[in-house]
Amino acid sequence: MLDAIGSAHAAIEIVDTRYERLAGDEPLSILADNLCSGALGYRRVAPQWMRPDLSNTDLHVFVNGALAATPRENPGGDPIDLLRQLADHCADQNLPLEAGCIATTGSWTGLLFVPRDTRVEVRCGSIPVASVLV
């Protein structure tokens, strides 16, 4: 499976709801709202798999240049194990994982609320920096 991975990226998911307020504990409303997924920001890099140890990587989130979060690990576990679970699930369902597919492995920080016109930057070990203007 590792040989099939083209590259690793830091990413920033922009959560956005189509409702006036977040749906909260209503799972079907959240599902209907595209899981509150507005966009995914990441930095494109030359295709290469850097094989960083992602199980305990220094991760820093900056909001308008100020350090906002420094989680030490992914609460979902080792991202490589999460990718294996995804590959196994897709194989069980007869669903292909095609070249160019982007798979995210969960949030390391949880939800950080920021106002519009805010620059958010993620630095994650040897992986290139991701930055978005929200």
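## Close-up views of a predicted model

View 1. Phe62 stands opposite Glu121 in β5. Strand β3 (residues 59-63) runs antiparallel to β5, and five bridges join the two. Strands here are DSSP runs of E with at least two residues, helices are runs of H or I with at least four, and both are numbered from the N terminus. Two strands count as paired if DSSP finds at least two bridges between them. This is a predicted model: local features need pLDDT of at least 70, side-chain atom pairs count only at pLDDT 80 or more, and totals for chains, interfaces and linings use all residues. Residues are numbered from 1 along each chain as its sequence is written, and side-chain values use heavy atoms, with hydrogens and water left out.

View 2. In general, strands of a sheet pair through backbone hydrogen bonds, either parallel or antiparallel.

View 3. Look for Thr118 in the loop between α2 (79-92) and β5 (119-124). Is this residue, Thr118, buried or exposed? Thr118 is buried, because its relative accessible area is 2% (buried means under 20%, exposed over 50%, partly exposed in between, with a 1.4 Å probe and protein chains only). Not counting residues up to four places away in sequence, Thr118 touches Val63, Asn64, Val132, Leu133 and Val134, where contact means heavy atoms within 4.5 Å. A polar atom of the Thr118 side chain also lies 2.5 Å from the backbone oxygen of Pro115.

**View 4. The whole chain, for orientation.** The protein chain has two helices and six strands, which run β-α-β-β-β-α-β-β from the N terminus on. Of its 134 residues, 25% are buried. Among contacts with a separation of 6 or more, 64% join residues 24 or more positions apart. The average pLDDT, the predictor's confidence in each residue from 0 to 100, is 81 for the protein chain, and 87% of the residues score at least 70. Confidence is lowest in helix α1 (residues 27-32), with a mean of 74, and highest in β4, at 92.

Technical notes
A polar contact is a pair of N or O atoms within 3.5 Å; within protein, one must be able to donate a hydrogen and the other to accept it, and residues adjacent in sequence count only if both atoms are side-chain atoms.
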